[in-house]
Amino acid sequence: MRIGAGLLACAVSGVGHAATPVDEAAVLHDTLPNGLRVVIVRDALTPMVATRLVYLAGSAQASADFPGTAHAVEHMMFRGTRDLDANQLNRIIQATGGMANAMTGVDYTQYLFNVAPADLGVILRVEADRMRGIALDPDQWARERGAIEQEVSADRSSPGYRAAEQFNAALFAGTPYAWRGVGTRESFDATDIGRLKQFHDAWYAPNNAVLLIVGDVEPHATLAMVRADFADIPRRTLPRPAGATAVPPLAARTLSASTDSGVGTVQIGWRVPGLRNPDTATRLILADAINNRRGALGRLSVEGRGLGAFFSYSGRHDWGQAVATIRFPRGGDPARYLADLQAVLADFRAHGVPPALVEAAKRARVKNAAFDRNSIPGLTQTWLTALVERGVSDPDELVRQYAAVTPAAVDALVKRELMPEQALIQVDLPTDHIAPAHDSGFGGAESFGDKPVPDAPLPEWAQPVLAAPPAPHFAPPSADWILPNGLRLIVRPVHQTHTILLRGRIHENTDLEEPPGQEGVGRLTAGLLPFGTATRDRIATEAAVEDLGSRADLGASFGLAAQTADFGATLALLADTELHPAFREGDLAIMRDKFVRAQRGFLQTPGHAFSRAIRSALVPKDDPTLREATPETIGRLTRDDVVAYFRRVYRPDMTVIEIIGDIEPQAARAAVLSTFGGWTAEGPKPDVTAPPIPDPPVANIRMDGEGRTQDRVFLMQTLALRQGTAETTTFDLGNAVLGRGFSSRLFQALRGSTGYVYTVGSTVSTDKTRGMFSITLGADPAKVPRVKAEILSILDDMCHRPVGADELGRVRAGYLRTMPFADASLDAIALRDVGLATRGLPLDQPDRNIAAVQAATPERVRDLFARTLRPRDLSTFIYGPAPP
């Protein structure tokens, strides 16, 4: 057992409270006698615990003829264990808030839970049960197989996914990374539970797993719980790894693919070593440096020679890929953009990567490591990257690796790995005609006609999840001021790390604020802000921010992230650039031309046509949301138009700023007054509230999705609900029963019982004047009528019968348990506060929502659904092929 507290493992404190010392180190490492590696990281930012159980087996451990075996086992882990049937497991997930998921990667599979600290013991027991063995019932596999096939069908229905799949298969030819890890319909049709059991028994062993626990826990007590649940699981003899197969060098070749996107893409890719290679840190710094907007690649986009240019490195254990990408307008000649991209890369090979860009990349990686400690999810991912992907004991080692990278090492890597004779080129060309995938399919399982089975009671060890949790409370900010110029400033001191975040938002509504004939001026205005001020151009501005190792974002939504010592300088740069843009004619001409070409392509896409059809059916013909920019309206925009829009819309009395982190309120106020205090507004405040809309007529629209084999289905209806009311919160609680999460009624009926869909969910959105209810899913065309009939039956039941008291109790408990998770990162807290303030809602709205949730009864939920929802009047929108 090892304990420690390094750069990424410090004592933390709750939001709004002074830092308090802890009696123990915040990080604990241990390896159980059976080989299970355990890492526990204490972070008391909010009452939440993230568990990640990672098995070091993924699609690469499957076989080429059954590529989706690991993926199938992942799904079946949610279909019951030896001690829990599927319904019991669903109820546990529902009562703990439904924050459960899993992901199958190439080299590993991870299982995710985010739970309240009180529920950690139950979740550890669940994971231990699943490690010992899963039920693997043939009927359950038949249902889940149908759902997985719908997942595969959704991927294969996407031209973009098929293009990426082709690129990946060619780049990694001769390795397991070339396989379709998600699997194929054919392989799933031939898979039986014997094969799934064999994979689980072979790889799901404690000595092939890493258990990471991050959050509001006491490490030693948590380790005792882990030992109690996992220590008696025997280690297993793991399959011998296959011998290394010689993979020939990648030969230069060019591929093509069709896309229905509004833009085309040229990619140049190289197969390079993976994440366990000693040069990985250098490779990541190389990618960041080449990707810098101040470099030659960034200038391709900034100077109008492309619609975006990027460089990235992503890796698996054994192999990785380095990819240079440039986007071009629909109808453009890809050869021109390919030549520009190749010229930039040739210059890097000949002259090296500018050392200033390498140092900026290093500085950002090293300094930004501190920002991950401001988020439980971010900290969890940082530890996963270190432990599982990079194979080191803690994230501090990664920081040391980045700091040690030299410009000479970067240049050597460019010359060695980015060779034109080993480059794979792919052109994704926009076209009006997309051929469908040729997978054979059968649409999943049919209805099984099961007789209802009474729910078995939860075992005694799981009973605690059924207890009603105490009502959470959201601490108010330490300061909430309206400054003399009308700007609202919110401050929350959190001395968890020596970092400060700022989030700001100008309440803008382009639908209402863009003058007629100037549609697109809001987007053009925001796009020009990063180009600098009269005294500092884009390059100088970006260099100044990078020299500090900070982050800054501009536009109607703006912000920064900086270490405490750098906050003042970063804030001054942000305010100067946000408030005093130069709007140079040359920059405007370049950006305007880019937007014209991009919008022309976007308006020709089937996705736009379908979205437009939905909006047109749901709002009156003169509704402002139907306004849209065209190449003509963008092309006519002048500098005077941009300046006028900026002066009219970017105003302090329509702006909210929150500062959260290592700063006291008065210091934050003084900093904002010195940088934003001179900002003034002219004329009356604009009206940015959309008008109410009447109930539209019922619409039924089907649009052919060329190249697709699966239908995307949207069932939608306007609602007489508005933001911030108790009724809206009560409806949202009922919607959690209906269609939010793995345990919801829609999910269990359409995936759990039949396998008709992979995902289905219902959402409620409201503002001051409008409300909208929608159900979204994907299904094979032949299944859509049955799916819709089942949905209407479930909605009728919600409107006519009270929700079961036990069911509502579980959902309510999960709802209350997970509400504090919104405070699991400083950025999320700031975004929530700014969003509430911008919409005119009180900052204690979460506490008001809690009161409404506690007051909800089964009868209230039923009556509210009956009063606001009209199941037979749902409009239906389908994008995809017609039923056979």
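**Ground rules.** I am working on a predicted model, where local features need pLDDT of at least 70, side-chain atom pairs count only at pLDDT 80 or more, and totals for chains, interfaces and linings use all residues. Residues are numbered from 1 along each chain as its sequence is written, and side-chain values use heavy atoms, with hydrogens and water left out.

**Sheet.** I took helices (H or I, at least four residues) and strands (E, at least two) as DSSP runs numbered from the N terminus. Two strands count as paired if DSSP finds at least two bridges between them. On that basis I find an open sheet of 5 strands with mixed pairing, in the order β8-β12-β9-β11-β10. β8 (253-259) and β10 (308-315) each have a single partner strand, so one side of each lacks a neighbour in the sheet. From one strand to the next the twist averages 20°. I then checked β9 (residues 263-273) against β11 (residues 319-329): the two run antiparallel and are joined by 11 bridges.

**Helices on the sheet.** For angles I used axes, which are lines fitted to C-alpha atoms (for helices over the stretch in contact), with values from 0 to 180 degrees between N-to-C directions. Contact means heavy atoms within 4.5 Å. Helix α5 (residues 159-171) lies across β8, β9, β11 and β12 (424-430), at about 165° to β8. Helix α9 (residues 280-290) lies across β9 and β10 and runs at about 170° to β10.

**Helix α11.** I compared the helix length with the expected span, which is 1.5 Å times one less than the number of residues. The 18 residues of α11 (residues 334-351) should span 26 Å, and the end C-alpha atoms are 26 Å apart, which agrees. At the start of α11, a side-chain oxygen of Asp-333 comes to within 3.1 Å of the backbone nitrogen of Ala-335. After α11 comes Gly-352, with a positive phi near 85°. I call a residue buried under 20% relative accessible area, exposed over 50% and partly exposed in between (1.4 Å probe, protein chains only). The buried residues of α11 include Pro-334, Tyr-337, Leu-341 and Phe-348.

**Helix α20.** I repeated the length check on α20 (residues 585-602): its 18 residues should span 26 Å, and its end C-alpha atoms are 25 Å apart, which agrees. Among its buried residues are Asp-587, Lys-594 and Arg-597. Their cover includes β11, α11, α10 (296-302) and α17 (521-528).

**Asp-623.** Is Asp-623 buried or exposed? Asp-623 counts as buried because its relative accessibility is 5%. I located Asp-623 in the loop between α21 (606-618) and α22 (631-635). A polar contact is a pair of N or O atoms within 3.5 Å; within protein, one must be able to donate a hydrogen and the other to accept it, and residues adjacent in sequence count only if both atoms are side-chain atoms. The Asp-623 side chain has such a contact of 2.5 Å with the side chain of Thr-625, and one of 2.5 Å with that of Arg-770. Leaving aside neighbours within four places in sequence, I find Asp-623 in contact with Ile-693 and Arg-770.

**Domains.** Domain bounds come from an automatic or database domain assignment. That assignment gives domain 1 (27-237), domain 2 (253-430), domain 3 (479-677) and domain 4 (700-880). The C-alpha centres of domain 2 and domain 4 lie 39 Å apart, and 5 residues of domain 2 are in contact with 5 residues of domain 4.
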